[in-house]
Amino acid sequence: MENLTNQVLDLANGKKYFVLRQAVYRGVTYFLGAELTSDEENFKNEFAFLERVGDEGLKIKKVTDPSIIEILAKNIKID
């Protein structure tokens, strides 16, 4: 998997996230992203953990499992 840090990811719901960090946990790729405004010019004050879904293409979904969020929050640090 290529490193997508500093790239923009599009979710199916139309939201866009700038990737701050990327990590692999138990074979799944996760991202810490900052939500972008619709014009992609500014960051909103919204952050989310995102998960790559499947092996084909770049399908991304927001992480909703509290146990995974807790693990990611403890291990993905921003300098």
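In what order do the elements of the protein chain run from the N terminus on? The order is β-β-β-β-β-α, that is, five strands and one helix. Helices (H or I, at least four residues) and strands (E, at least two) are DSSP runs, numbered from the N terminus. The model is predicted, so local features need pLDDT of at least 70 and side-chain atom pairs count only at pLDDT 80 or more, while totals for chains, interfaces and linings use all residues. Residues are numbered from 1 along each chain as its sequence is written, and side-chain values use heavy atoms, with hydrogens and water left out.

Along the principal axes, the C-alpha atoms fill a box of roughly 35 × 30 × 20 Å. Of the 79 residues, 30% count as buried (under 20% relative accessible area, with exposed over 50% and partly exposed in between; 1.4 Å probe, protein chains only). Contacts (heavy atoms within 4.5 Å) between residues at least 6 apart in sequence join residues at least 24 apart in 28% of cases.

The accessible surface of the protein chain, from the Shrake-Rupley method with a 1.4 Å probe, comes to about 5400 Å², and carbon and sulfur atoms account for 47% of it. The chain has 11 positive charges (Lys and Arg) and 13 negative charges (Asp and Glu), His and the chain ends not being counted. Their mean positions are 5 Å apart, with each charge placed at NZ of Lys, CZ of Arg, CG of Asp or CD of Glu.

One aromatic pair is counted, where rings of Phe, Tyr and Trp (its six-membered ring) pair if their centres lie within 6.5 Å, and planes under 30 degrees apart count as stacked, over 60 as edge-to-face and the rest as tilted. The pair is formed by Phe 18 and Phe 43 and is edge-to-face, at 5.5 Å centre to centre and 70° between the planes. Phe 18 lies in strand β2 (residues 16–25) and Phe 43 in strand β4 (residues 43–53), so the pair ties together parts that are 25 residues apart in sequence.

Most residues other than glycine have a negative phi. Asn 6, in the segment before β1 (8–10), has a positive phi near 75° and is exposed at 52% relative accessibility. Arg 26, in the loop between β2 and β3 (28–36), has a positive phi of about 50° and is exposed, with a relative accessible area of 74%.
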